[in-house]
Amino acid sequence: MRSSLTLVGTLWAFLSLVTAVASSTSYFLPYWLFGSQLGKPVSFSTFRRCNYPVRGEGHSLIMVEECGRYASFNAIPSLAWQMCTVVTGAGCALLLLVALAAVLGCCMEELISRMMGRCMGAAQFVGGLLISSGCALYPLGWNSPEIMQTCGNVSNQFRLGTCRLGWAYYCAGGGAAAAMLICTWLSCFAGRNPKPVMLAESIMRNTNSYAMELDHCLKS
């Protein structure tokens with residue numbers, strides 16, 4: 001089974017898969033931001049949260065210790081986080097599609113040409129740029145009441161207060177940066193150039209097809 005990728009292309013396919021999985025997994029995990037509320041640890045992503053307060057008996061607040069997503073898109077604490085959810089999700093989807101095609105190129109001949117590899121690299125750059133934009137939008141939502149309650153009521157845009165950034169945030173940003181800088185560059189050398197013999201055969205087939213159609217038209 002021949003591959004349509006060069007040796008550099010095989011490395012590109014592997015790194016594309018790693019960066020796509022790292023960014024996408026981080027996107028779904030609620031560990032972008034860590035804080036505490038009512039003495040319990042709390043963590044957030046863009047659309048998920050772990051541990052949240054509810055009204056108990058006597059109207060007192062108690063913490064429910066479980067993870068889940070917000071009930072609706074509008075329930076996400078801030079407009080910045082809503083935008084971050086959409087932009088980052090689109091970037092992750094784009095990276096996953098390119099990674100899947102790159103992996104298929106390792107076991108399918110003539111799937112990825114030199115030009116196709118460069119186009120896929122451009123798509124990776126766009127995907128990484130979208131995720132990076134999402135990471136840049138994320139701090140704009142730190143002034144929402146829900147986040148301020150978790151961060152000591154002193155947080156603001158680009159100021160965390162008593163909270164701290166989680167490992168999933170750095171992992172998403174690192175995956176996006178690797179996709180933009182490393183994978184995009186490697187994609188320029190990933191695909192194989194078409195063989196001259198194959199090009200000649202393709203030209204001959206097209207020429208014979210046109211000749212037969214012309215002959216048919218002349219006879220009719």
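View 1. Helix α1, which covers residues 7-28, has 22 residues and reaches 32 Å from its first C-alpha to its last, close to the 32 Å expected at 1.5 Å a residue; the expected span is 1.5 Å times one less than the number of residues. Helices (H or I, at least four residues) and strands (E, at least two) are DSSP runs numbered from the N terminus. The model is predicted, so local features need pLDDT of at least 70 and side-chain atom pairs count only at pLDDT 80 or more, while totals for chains, interfaces and linings use all residues. Residues are numbered from 1 along each chain as its sequence is written, and side-chain values use heavy atoms, with hydrogens and water left out.

**View 2. T85 in helix α2.** T85 lies in helix α2 and, because its relative accessibility is 10%, counts as buried. Leaving aside residues up to four places away in sequence, T85 touches Y27, T46, F47 and I76, where contact means heavy atoms within 4.5 Å.

**View 3. A nonpolar surface patch.** L17, V21, L96 and V103 make a nonpolar surface patch of about 290 Å², to which α1 and α2 each supply at least two residues. Patch residues have over 30% relative accessible area and no salt bridge, and nonpolar side chains (Val, Leu, Ile, Met, Phe, Trp, Tyr) are joined within 5 Å; a salt bridge is a side-chain nitrogen of Lys or Arg within 4 Å of a carboxyl oxygen of Asp or Glu. Areas come from the Shrake-Rupley method with a 1.4 Å probe. V21, in helix α1, counts as partly exposed at 42% relative accessibility, a class between 20% and 50%.

**View 4. The open sheet.** Five strands form an open sheet in the order β4-β3-β2-β1-β5, with antiparallel pairing. β4 (61-69) and β5 (164-165) stand at the edges with a single partner strand each, so one side of each is left without a neighbour in the sheet. Two strands pair if DSSP finds at least two bridges between them.

View 5. Strands β1 (residues 33-37) and β2 (residues 40-44) are joined by 5 bridges, and Q37 has K40 of β2 as its bridge partner. β2 and β3 form a hairpin with 3 residues between them, and S43 stands opposite C50 in β3. C50 in turn has C67 of β4 as its bridge partner, and 7 bridges join the antiparallel strands β3 and β4.

Terms used. Buried < 20%, exposed > 50% of the residue type's maximum accessible area, 1.4 Å probe, protein only. Patch = residues over 30% accessible without salt bridge, like charges linked within 9 Å, V, L, I, M, F, W, Y side chains within 5 Å.
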